[in-house]
Amino acid sequence: MQRQWWQASVGYQIWPKSFNDSNGDGMGDIPGILKKLDYLQQLGVDLLWLSPIYPSPLADEGYDISDYCGVDPRFGTMADLERLIAETKRRGMRLLLDLVVNHCSDEHPWFQKALADPEGPYGQYFYFRRGENGAPPCNWRGYFGAGVWSPVPGRADLYYLHLFHEKQPDLNWSNPALRREIYQMVNWWLDKGIAGFRVDAIVNIGKPDSFRDYPADRPDGLADCCNMLAEPSAKAHLAEYLTELRDNTFRPHGAFTVGEVFDTDPAELAAFIGPDGYFSSMFDFAATCCGKSPKGWWAARRPSPTDYRDCCFSSQKAAQGVGFLSNVIENHDEPRGASHYLPLGFEEQPRAQKALAAVTLLLRGLPFLYQGQELGMTNKPFASIHEVDDVNTKGEYAACLAAGLRADDALEVIAHYSRDNARTPVQWSAQANAGFTAGTPWMPVNPRYRSVNAEAQQADPASVLNFYKKLISLRKDPAYKETLVWGDFEPLYTEREGLAAFWRRADKKLLVLSNLSDEAMLLPLPGPVRAVVANSRQLPPELEQQALILAPWQALVLEME
């Protein structure tokens with residue numbers, strides 16, 4: 001496999017609204033990001049992905065874009081963004097923007113012109129369809145829990161398609177004129193100096209040739225819109241559009257791209273991230289999807305540490321020899337990784353968080369951290385549904401009630417899975433509002449900020465933050481880079497519950513052992529080894545014996561002598 005500049009990088013997602021506020025208005029902004037670049041550089045990350053900073057009504061927190069070539073005044077100015085591009089480059093870092101082109105905002109000029117004349121040129125930028133007998137064109141349910149068709153104001157029996165919020169109309173990629181506009185926009189940003197894009201919800205651009213009903217899967221009589229992704233015509237169109245997008249934008253610029261791609265057949269993996277793939281990389285969502293149900297969050301099963309390990313190992317084996325995955329435990333759409341994958345009662349324990357970090361950062365592929373993950377930030381407490389901001393969470397709460405759950409049980413369900421868990425302000429210090437803002441934060445901070453914050457952890461050599469730094473430094477160390485970036489992956493001891501153990505092999509042989517349980521484990525050793533990293537203050541003594549006892553929540557990186 002040909003080596004690329006980005007493969008040895010470590011990514012970091014910034015959700016600007018909750019990262020750092022520079023002007024006291026309670027909302028994070030680009031100048032606030034600039035103030036934290038030294039912190040990010042010291043952490044060791046190279047690729048910074050900014051969630052949307054474009055003008056938006058914020059119906060879906062910026063993923064409803066009303067101007068693709070602007071900066072929302074809430075976040076700053078274009079000059080601020082240009083300075084951020086320059087300052088990241090000066091530090092040897094690169095900036096990625098979010099590319100959201102399955103849909104736009106209903107306030108985008110394209111959609112406003114389309115509403116004025118659905119049969120006109122801009123009407124072909126979207127999906128307008130006639131209903132039948134007073135019903136929408138088909139029975140699909142969108143990603144946020146409601147139907148995907150909304151009526152066009154003033155037009156009897158005419159609907160527009162939106163797989164997400166009703167204020168996020170889907171763009172019609174079958175229209176060459178639309179595609180040309182998108183390619184022009186993408187190249188405009190790449191020419192401005194960004195390194196590439198995280199590509200949002202992109203598999204949804206491949207729509208089937210016809211919109212038909214699917215068997216209902218909930219009492220509402222609707223069916224999951226994801227059914228359409230398996231239609232042969234949808235797959236064919238997706239391949240056509242992604243190839244054209246790559247060849248007209250990403251490839252000429254040598255850009256890095258990471259796709260938000262779910263449920264990919266391993267046989268199709270090479271099409272997405274192989275040497276001639278649509279993207280440089282794609283996120284591994286196998287573990288985040290584990291236990292989820294088409295019925296909704298109320299029917300989901302929380303994954304165990306063993307589930308997490310098995311999902312990761314399965315993805316690793318599928319991608320080996322094909323391409324590079326981007327490994328994640330959390331992002332802006334998921335609960336906090338420590339709260340989701342660690343058992344109840346252990347999610348706040350630093351040693352358990354470090355054991356999880358060792359797996360995430362040392363698998364083959366590109367690690368992507370989410371803001372605050374490196375501190376061990378956890379889910380926030382919810383006292384009431386009225387504290388929820390996220391549109392998706394509100395839809396799932398309604399689904400819980402429709403399924404017969406009591407209000408307090410429904411609140412417990414959504415409190416675990418809510419996207420708001422990841423959107424609380426970053427915990428910079430123990431000062432008021434976690435040091436995030438001098439004003440009133442747009443969302444309340446997690447009350448754990450007094451004990452869990454960057455300022456305290458920077459001063460503590462045994463902190464979660466400093467363990468993340470240690471792992472990132474190991475990955476970049478010239479002595480181990482060849483092995484940890486490009487080396488092979490081989491699982492070990494998979495019969496042991498709660499144990500993530502694997503080899504990384506190239507010029508060196510590294511054995512990663514992470515006990516994701518509260519029970520000690522006696523493990524045989526393959527021969528004399530030397531401890532390289534441990535998630536405790538002291539490295540183990542000489543490891544020339546035949547076996548070792550791996551303590552609860554202990555993580556070790558061992559090098560074969």
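Accessible areas here come from the Shrake-Rupley method with a 1.4 Å probe. On that basis, the protein chain of this predicted model has an accessible surface of about 21000 Å², of which 50% belongs to carbon and sulfur atoms.

The protein chain holds 16 helices and 20 strands. Its radius of gyration is 24 Å, close to the 24 Å that the globule rule gives for 561 residues, so the chain is as compact as a globular protein of that length. Among contacts with a separation of 6 or more, 70% join residues 24 or more positions apart. The remaining chain-level values are tabulated below.

| Property of the protein chain | Value |
|---|---|
| Box filled by the C-alpha atoms, along the principal axes | roughly 80 × 55 × 50 Å |
| Share of the 561 residues that count as buried | 61% |
| Distance between the mean positions of the 55 positive and 71 negative charges | 4 Å |

Two local sites follow. Helix 13 spans residues 407-417, and its buried residues are Ala410, Leu411, Val413, Ile414, Ala415, His416 and Tyr417. The cover over these residues includes helix 10 (337-341) and helix 12 (391-402).

Asn20 sits in the loop between strand 1 (11-14) and helix 1 (30-35). With a relative accessible area of 5%, Asn20 is buried, because the cut-off for buried is under 20%. A polar atom of the Asn20 side chain lies 2.9 Å from the backbone oxygen of Gly32. Beyond neighbours within four places in sequence, the contacts of Asn20 include Gly28, Asp29, Ile33, Lys35 and Lys36, together with Trp428, Gly435 and Phe436.

How values were computed. Residues are numbered from 1 along each chain as its sequence is written. Side-chain values use heavy atoms; hydrogens and water are left out. Helices (H or I, at least four residues) and strands (E, at least two) are DSSP runs, numbered from the N terminus. The radius of gyration is taken over C-alpha atoms; the globule rule is 2.2 Å times the number of residues to the power 0.38. Buried means under 20% relative accessible area, exposed over 50%, partly exposed in between (1.4 Å probe, protein chains only). Contact means heavy atoms within 4.5 Å. Lys and Arg count as positive and Asp and Glu as negative; His and the chain ends are not counted. The place of a charge is taken as NZ of Lys, CZ of Arg, CG of Asp or CD of Glu. A polar contact is a pair of N or O atoms within 3.5 Å; within protein, one must be able to donate a hydrogen and the other to accept it, and residues adjacent in sequence count only if both atoms are side-chain atoms.
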